[in-house]
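Open the structure in your viewer and keep the sequence panel beside it. The stops below say what to select next and what is there.

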Amino acid sequence: MRIEVYLDQDDAPFQTLVPPETFHLDTESMADGPHQLLFRAIDDGNGVSERRMSFNVQNGPAIAVHGIVDGETLHGQVGVLANAYGARAGDEFEPRRMETPVPVPTWAWVLFLAVLAWGAGYLSFELSNHIESVIPQGASMERAGTPQASDESPESGSDMSQAWAVLGEQVYGVNCASCHQATGAGLPSVFPPLAQNAVVINADPAEHINAIVHGVSGKVIDGIEYMAPMPPFGGILSDAEIAAVVNHERTHWGNNAPTITADDVAEHR
Ligand code: HEC
């Protein structure tokens, strides 16, 4: 049994082996480009079989071309970028030349912009959600999950965990405290106290809401007739703001009445 090895179209084998056997293929003596090895095995009874292996030799520098695709149809001026790198063993390695500078492809820009747009959208969505939960509508939506008419007393004056808490304190301070005082005590015979006020601690919030939306005048409260009217705030405050201030009054100064939502206010407009 022997194996003859032929290179390309050579008539004579360049190697004759007794299998199994290792041999060296010296590609440096070949031209760069496609080549072929033909293995011909001949057994002792003179039976022959063949096997061909194709391979590519490249000992010169590799070439990279950008701007033209093989077989492409071109017209007008075409910008073409050519680069060559790498070479024979022992050549100094130049990483910078290995990386052919290619312009950023369009799809990468599209992907980049899409990700950017998504990010901006996500951010503004989160932000508006956050703002809503701090200021208006959120007040009513957020409360859907929490007990509305809880019998357990929320810590009077210190329960800042509710969405309306900050807003309620703010609205009361700006619009109501000048008359009813920050303490909710009012001014004797001039402005009625809201602490332990029958309307404020009534479980039914209808009159409480109406007083703020439409104002009050000529009403005798606890035997006292007030000369000044309570101005209407329906045109000044939003549903959420009225709900917040109603809740503020219902949970401060020892008051402990069920809280309401902006929707409750809307019903009484
Ligand atoms: C200009 C002074 C003034 C301001 C500001 C004012 N009130 Fe009044 N409020 C009064 C007077 C006076 C009354 C009593 C009117 C009456 O009895 O005729 C009153 C009555 C009320 C009542 C009804 C009490 C009852 O027993 O019927 C509530 C509730 C109330 N005020 C809440 C508020 C809230 C909330 C604000 C702020 C959004 C506010 N007030 C701002 C003067 C004021």
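In which loop is Asp8 found? Select Asp8: it is in the loop between β1 (2-7) and β2, where helices (H or I, at least four residues) and strands (E, at least two) are DSSP runs numbered from the N terminus.

Before going further, note that this is a predicted model, in which local features need pLDDT of at least 70 and side-chain atom pairs count only at pLDDT 80 or more, while totals for chains, interfaces and linings use all residues. Residues are numbered from 1 along each chain as its sequence is written, and side-chain values use heavy atoms, with hydrogens and water left out.

Most residues other than glycine have a negative phi, and most peptide bonds are trans. Asp8 has 26% relative accessibility and counts as partly exposed; buried means under 20% relative accessible area, exposed over 50%, and partly exposed in between (1.4 Å probe, protein chains only).

His35 is buried, at a relative accessible area of 12%. Its side chain makes a polar contact with the side chain of Asp8 at 2.8 Å. A polar contact is a pair of N or O atoms within 3.5 Å; within protein, one must be able to donate a hydrogen and the other to accept it, and residues adjacent in sequence count only if both atoms are side-chain atoms. The His35 side chain also reaches the backbone oxygen of Ala31, at 2.6 Å.

**A cis bond**

Select Pro19 and Pro20. The peptide bond that joins Pro19 and Pro20 is cis, with omega about -10°. Pro20 lies in the loop between β2 (15-17) and β3.

**Salt bridges**

Side chains of opposite charge can pair when their charged atoms come close. The count here comes to 4 salt bridges, a salt bridge being a side-chain nitrogen of Lys or Arg within 4 Å of a carboxyl oxygen of Asp or Glu.

Select Arg2 and Glu4. Their side chains meet in a salt bridge, 3.2 Å from N to O. Arg2 is partly exposed at 35% relative accessibility, whereas Glu4 is buried at 13%.

Next, select Arg40 and Glu50. These two form a salt bridge with the closest N and O atoms 2.5 Å apart. Arg40 belongs to strand β3 (residues 33-42) and Glu50 to strand β4 (residues 48-57), so the pair ties together parts that are 10 residues apart in sequence. Arg40 is partly exposed, with a relative accessible area of 24%, and Glu50 is partly exposed at 41%.

At 48% relative accessibility, Arg52 counts as partly exposed. Salt bridges that share partners join Arg40, Glu50 and Arg52 into one network.

**The ligand**

Which residues come nearest to the ligand? Of the 25 residues around the ligand, these are Cys176, Cys179, His180, Lys219 and Met230; a residue counts as near if one of its heavy atoms lies within 4 Å.

- His180: a polar side-chain atom lies 2.8 Å from a nitrogen atom of the ligand.
- Lys219: a polar side-chain atom lies 2.7 Å from an oxygen atom of the ligand.
- Asn197: an N or O atom of the side chain is 3.0 Å from an oxygen atom of the ligand.

Then colour the shell by element. Those that give two or more residues to the shell around the ligand are α4 (165-180) and α6 (206-214). The largest share, 4 residues, comes from α4.

Colour it again by residue class. The shell divides into 17 nonpolar, 6 polar and 2 charged residues; Ala, Val, Leu, Ile, Met, Phe, Trp, Tyr, Cys and Pro count as nonpolar, Asp, Glu, Lys and Arg as charged, and the others, Gly among them, as polar.

**Last stop: Gln181**

Select Gln181, in the loop between α4 and α5 (198-201). Its phi is near 70°, a positive value in a residue other than glycine. Gln181 counts as partly exposed, at 25% relative accessibility.
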